[in-house]
Amino acid sequence: MSIIGDELTSGNTGANVRELQAQLTGLGAVIESAEKSAASYGPSTMAAVRAFRERHGLPDGDTVDSPTARLMQVASAFAGANGREDVRVAVRTAAAAADAGQPQELYWLARYATIAGDYETAR
């Protein structure tokens, strides 16, 4: 899975929304089948994004901005079954673009890096 490059909001459609929905369902979210088949950022996708942001201590909202996209990609790698190396790669990629003004993003990236055994990135 890759980091979603564009900011996504309600009403968006397309490949980035499809990637978002894949990441969210990989994290246990339930997205309505009509939204998934249309790759549409609708009510169930918005609810899943809100829940993700809340769970990670990000500001309230249902927009997928850069910090949200980076954390979601790392969380998806962590939830996947491909092992710690996938998490390390995801964390390093996200950390290289992280926003130092977003302490919650930095906190979660450090946590995921520690879990993956990448103590240098965690530091």
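User: Is Trp-108 buried or exposed?

Analyst: Trp-108 is buried in this predicted model, because its relative accessible area is 14%, and a residue counts as buried under 20%.

User: Which aromatic residues does Trp-108 pair with?

Analyst: Trp-108 forms an aromatic pair with Tyr-107, an edge-to-face arrangement with 5.5 Å from centre to centre and 85° between the planes. Trp-108 also pairs with Tyr-112; that pair is tilted, with 6.0 Å between the centres and 40° between the planes.

User: Why is the pair of Trp-108 and Tyr-112 called tilted?

Analyst: The angle between the two planes is 40°. Planes under 30 degrees apart would count as stacked and those over 60 as edge-to-face, so this pair falls in the remaining class, tilted.

User: How far apart are Trp-108 and Tyr-112 along the helix?

Analyst: Both belong to helix α6, which covers residues 103-115, and because they are four residues apart, about one helical turn separates them.

User: Let us change topic to the core. Which residues of the largest nonpolar core touch the most other members?

Analyst: That core has 28 residues, and those with the most contacts to other members are Leu-8, Leu-20, Leu-24, Tyr-41, Val-64 and Val-74. Helices α1 (15-26), α3 (43-55), α4, α5 and α6 each contribute at least two residues. The largest share comes from α4, which provides six residues.

User: Why would such residues gather together?

Analyst: In soluble globular proteins, nonpolar side chains tend to be buried together.

User: What does Leu-20 touch?

Analyst: Beyond its neighbours within four places in sequence, Leu-20 is in contact with Ile-4, Leu-8, Tyr-41, Thr-45, Val-49, Val-64 and Met-72.

User: What about α5: which of its residues are buried, and what do they pack against?

Analyst: The buried residues of α5 are Val-87, Arg-88, Ala-90, Val-91 and Ala-94. They pack against α4 (66-79), α6 and α7 (119-122).

User: What span should α5 have, and what span does it have?

Analyst: Helix α5 has 14 residues, 84-97, and at 1.5 Å a residue it should span 20 Å. The C-alpha atoms at its ends are 20 Å apart, which agrees.

User: How confident is the predictor?

Analyst: The average pLDDT of the chain is 90, and 98% of the residues score at least 70.

User: Where is Asp-118, and what contacts does it make?

Analyst: Asp-118 is in the loop between α6 and α7. At 5% relative accessibility, Asp-118 is buried. Its side chain makes a polar contact with the side chain of Thr-121 at 2.8 Å. Not counting residues up to four places away in sequence, Asp-118 touches Arg-88, Arg-92 and Ala-113.

User: And Glu-120: is it buried or exposed?

Analyst: Glu-120, in helix α7, is exposed, with a relative accessible area of 54%. Its side chain makes a polar contact with the side chain of Arg-123 at 2.5 Å.

User: How far is Glu-120 from Arg-92?

Analyst: Glu-120 and Arg-92 are 28 residues apart in sequence, and their C-alpha atoms are 9.9 Å apart in space.

Definitions and conventions:
Residues numbered from 1 in each chain as written. Predicted model: local features only at pLDDT ≥ 70, side-chain atom pairs only at ≥ 80, totals over all residues. Heavy atoms only, no water. Phe/Tyr/Trp six-rings, centres within 6.5 Å; stacked < 30°, edge-to-face > 60°. Buried < 20%, exposed > 50% of the residue type's maximum accessible area, 1.4 Å probe, protein only. Expected span 1.5 Å × (residues − 1). Contact = heavy atoms within 4.5 Å. Core = buried A, V, L, I, M, F, W, Y, C linked by side-chain atoms within 4.5 Å. pLDDT = per-residue confidence, 0-100. Polar contact = N/O pair within 3.5 Å; in protein donor to acceptor, adjacent residues only side chain to side chain.
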